[in-house]
Amino acid sequence: MLKIIEVEARLFVRDRLNSLFSLLFPCLLLLVLGAVPALRTPAPEFGGLRFIDSYVSSLVVVTLVFIGLQRLPAVVATYREKGVLRRLSTTPMHPARLLLGQLVVNFAAAILSVLLTIVVAYVVFGVDLPHHPLGLAAAVVLGGAGTFALGLVIAALAPNARAAGGWATVVFMLLMFFGGVYLPRFMLPSVVQAIGSYTPPGVEALQQAWLGTAPDWRHLAIMGLVSLVAGTVAARTFRWE
């Protein structure tokens, strides 16, 4: 298992362009939005906060969804397309180990990206640090696990990288919409907001923890349930070829 993680980590680092983009994109998006003066002005729609103060939780959604759905499935599907998985199928290695290795490496990258976003938001724009750090950690871990598990299902079934990209893009667009990335959540209908609260990676729990209250345990429980069910489906339906 440690060897698999080590090899996957090396491959992640070697893919410099995609890896750097995955890590830095949320920070770059924050810098672009923060350059607009109106978005740095407190507004009543955000409870007296600035747009960028309330949008940081959506940037965490961007991080988790981008790495979990755009990168992870494509890598595993490329392995399948190029015959790497067929060679591995001749070894005693269980497919769950390969999926776990991908999960560990990409999740570590997501955590690093979230930390970079927090630092940039605090240093450059004076955004408050998370008021409930433990709650945010739980929300990121469980919400990220649910998101990545959905990515693993796509990775387990997609016959090639093109199919993985197509399937993942559909889920990616939906999760970004429900996560308040395209439109601020206060502009969305209440039904859509409620769906987004229980849809990975759980933007409501992230926002609650950032602004100072403990995340709703029901949101966290749903994230954990999604990760458990989707992870099991991925391991059971995994195809070497």
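On a 1 Å grid over the protein atoms alone, a cavity is a set of points where a 1.4 Å probe fits but cannot get out, and a pocket is an open set with protein on both sides within 12 Å along at least five of seven lines; lining residues have an atom within 4 Å of a point. Grid points are joined across faces, edges and corners, and a volume is the space filled by probe spheres set on the points.

The model is predicted: local features require pLDDT of at least 70 and side-chain atom pairs pLDDT 80 or more, whereas totals for chains, interfaces and linings use all residues. Numbering starts from 1 along each chain as its sequence is written, and side-chain values use heavy atoms, with hydrogens and water left out.

**The cavity.** One cavity of 30 Å³ or more is present in the structure. Select Val61, Leu175, Phe178, Gly179, Gly196, Thr199, Pro200, Pro201, Gly202 and Val203 to display the lining of the largest cavity, whose volume is about 30 Å³. This lining comprises six nonpolar, four polar and no charged residues; Ala, Val, Leu, Ile, Met, Phe, Trp, Tyr, Cys and Pro count as nonpolar, Asp, Glu, Lys and Arg as charged, and the others, Gly among them, as polar.

**The largest pocket.** Next select Asp15, Asn18, Phe21, Ser22, Phe66, Gln70, Arg71, Ala74 and Val75, which line the largest pocket. Its volume is about 160 Å³, and its lining has four nonpolar, three polar and two charged residues. Helix 2 (16-34) and helix 3 (51-81) each supply at least two of the lining residues, with helix 3 giving the most, namely five. Helices (H or I, at least four residues) and strands (E, at least two) are DSSP runs, numbered from the N terminus.

**Asparagine 106.** Move to helix 5 (residues 95-125), where asparagine 106 is located. Asparagine 106 counts as buried because its relative accessibility is 1%; buried means under 20% relative accessible area, exposed over 50%, and partly exposed in between (1.4 Å probe, protein chains only). Beyond its neighbours within four places in sequence, asparagine 106 is in contact with Phe12, Ile67, Arg71, Leu72 and Phe148, contact meaning heavy atoms within 4.5 Å.

**Alanine 38.** Then select alanine 38, in the loop between helix 2 and helix 3. Alanine 38 is exposed, at a relative accessible area of 56%. A C-alpha to C-alpha line from alanine 38 to proline 189 spans 24 Å, for a sequence separation of 151 residues.
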